[in-house]
Amino acid sequence: MLRSPGYPKLLLFCALIGIPVSLAAFWFLVGLHELEHVLWAALPRALGHDGPPWWWPLPLLLVSGVLVGLAVTHLPGHGGHVPAAGMQVGGSSPAALPGVLLAAAASLPLGAVLGPEAPLIALGGGLALLFRDLAQAPATPQNTALLGAAGAAAAIAAIFGNPVVAAVLLIEVAGVGGPQLFAVMLPALLSSGVGSLVFTGLGRWTGLGTGELSLKLSAPLPRLDVADVLWSLAVAVAVAAALHPVRAGARAVAAYVAERPLVRTVPFALGAGVCAAVYALATGRSSGEVASSGQAALSALAADPQAWGVGALLAVLAFKGAAYTLCLGTLRGGPVFPALFLGAAAGVLLAPLPGLGVVPAMAAGMAAATAATLRLPVSSVVLVVLILGSTAMMPVVILAAVVAFVVTELLPPGRPVAA
């Protein structure tokens, strides 16, 4: 295929469509962010509140449920694929884009416990195919798949801020390599993590170096020790086991809602709002910590973990986990950001274990949560390392991702979800 006459033209076309797709993804994200700011900050202040009151998620998610139900029922593409079905590439025709964008805009800014990555994949893939049709290029199964993946990668790089994450994620989501992909990758990933631990330990014990290719960062980072590594395995098992009923529950909700989307989407979306409202009443904290993707709450948690007591951590894990289950099965968005937050919160909760540091615990929790939720271990490793901004925690991240993935695969799969 690489030597075929049409392949260089296809590469050039992919490079060209990357420009408008990235621009569209950028402004789509800006629009979502601005709308969320208006609904959760500006509007409460205009009504005389310092922040969103405890009941604020209830009307927003009620409206979200109505709009998403209408989009799923009446627009082509059913508003995009159901988040409970997992990350997917392709299948978004240009005709489906209005419904996908409307459902995402009705979900994410209004408090759905989901992220923007799935709508971005649909937006990028759909726009790439639209540009192909406008250019009157031939439509073949091969270029449909390649252009869809290229457009999705260009769009999703906007949210992760790194083209490597987008490329690795799409390789795993698309299943490049067939069913044997994970069978080959897991041993390689696991052995690389163990090898990194061995090299790190030998370097400390002997004081000798091997001339590794690395940059010396000025920011001090904690050093891993044996307790961090051992506890990270236990954290991975605990997080994977805790997220299994979330995924199973989301699939059950999705199957139930699919029978009558317009009628059944609304009460489940409102249920997610109830989770956020009850959390705010019970803890005195912001309902936004349960509602929405968790991106802002994750930054706050990482900046000051001590500000969260044990009760607050248990409450946010319970209520956000329940809201996450409901939103995965009803509304439209991606599963990545809430999983990252839940994993980080679980890590902070378990960090007081003897010998376990906060940063290794958070790293292991995030890696385990994303690997268990997405079932994409390599992407989870790359994503968490990117978020941490350093490779210092990479051995723990790799081990946690592999263990969580294996535990998830060994647990009962539950019922499948139609996209």
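1. Arg264 counts as buried, at 14% relative accessibility. Here buried means under 20% relative accessible area, exposed means over 50%, and partly exposed lies in between, with a 1.4 Å probe and protein chains only. Glu259 counts as exposed, at 59%. The two residues form a salt bridge, with their closest N and O atoms 2.8 Å apart. A salt bridge is a side-chain nitrogen of Lys or Arg within 4 Å of a carboxyl oxygen of Asp or Glu.

2. A word on the source. This is a predicted model, in which local features need pLDDT of at least 70, side-chain atom pairs count only at pLDDT 80 or more, and totals for chains, interfaces and linings use all residues. Residues are numbered from 1 along each chain as its sequence is written, and side-chain values use heavy atoms, with hydrogens and water left out.

3. The salt-bridge count comes to four. One of them joins Glu289 and Arg285, at 3.0 Å from N to O. Glu289 is buried at 13%. Arg285 is partly exposed at 23%.

4. Arg375 and Glu409 also meet in a salt bridge, at 2.8 Å from N to O. This pair links distant parts of the chain, 34 residues apart. Arg375 sits in the loop between α13 (358-374) and α14, while Glu409 is in helix α15 (residues 394-410). Helices are DSSP runs (H or I, at least four residues), numbered from the N terminus. Arg375 is partly exposed at 35%, and Glu409 is partly exposed at 36%.

5. Leu62, Val63, Val66, Leu67, Leu70, Leu262 and Val263 make a nonpolar patch of about 490 Å². The elements giving two or more residues to this patch are α2 (57-74) and α9 (261-283). α2 gives the most, with five residues. Val63 lies in α2 and is partly exposed at 41%. Patch residues have over 30% relative accessible area and no salt bridge; nonpolar side chains (Val, Leu, Ile, Met, Phe, Trp, Tyr) are joined within 5 Å, and like charges within 9 Å. Areas come from the Shrake-Rupley method with a 1.4 Å probe; for residues, only the protein chains shown count as cover.

6. How much space lies in the second largest pocket? About 620 Å³. Of its 23 lining residues, the closest to the centre are Glu36, Ser292, Ser293, Gln295 and Ala296. α1 (6-46) and α10 (295-303) are the elements that give two or more residues to the lining. The largest share, six residues, comes from α1. On a 1 Å grid over the protein atoms alone, a pocket is an open set of points with protein on both sides within 12 Å along at least five of seven lines, a cavity is a set where a 1.4 Å probe fits but cannot get out, and lining residues have an atom within 4 Å of a point.

7. The structure holds one cavity of 30 Å³ or more. The largest cavity has about 40 Å³ of space. Its lining is Phe160, Val165, Leu169, Val336, Leu374, Ser379, Ser380 and Leu383. α6 (163-174) and α14 (377-388) each supply at least two of the lining residues. The largest share, three residues, comes from α14.

8. Leu243 is buried at 7%. The C-alpha atoms of Leu243 and Thr408 are separated by 8.8 Å, although the two residues are 165 apart along the chain.

Key. Points joined across faces, edges and corners; volume = space filled by probe spheres on them.
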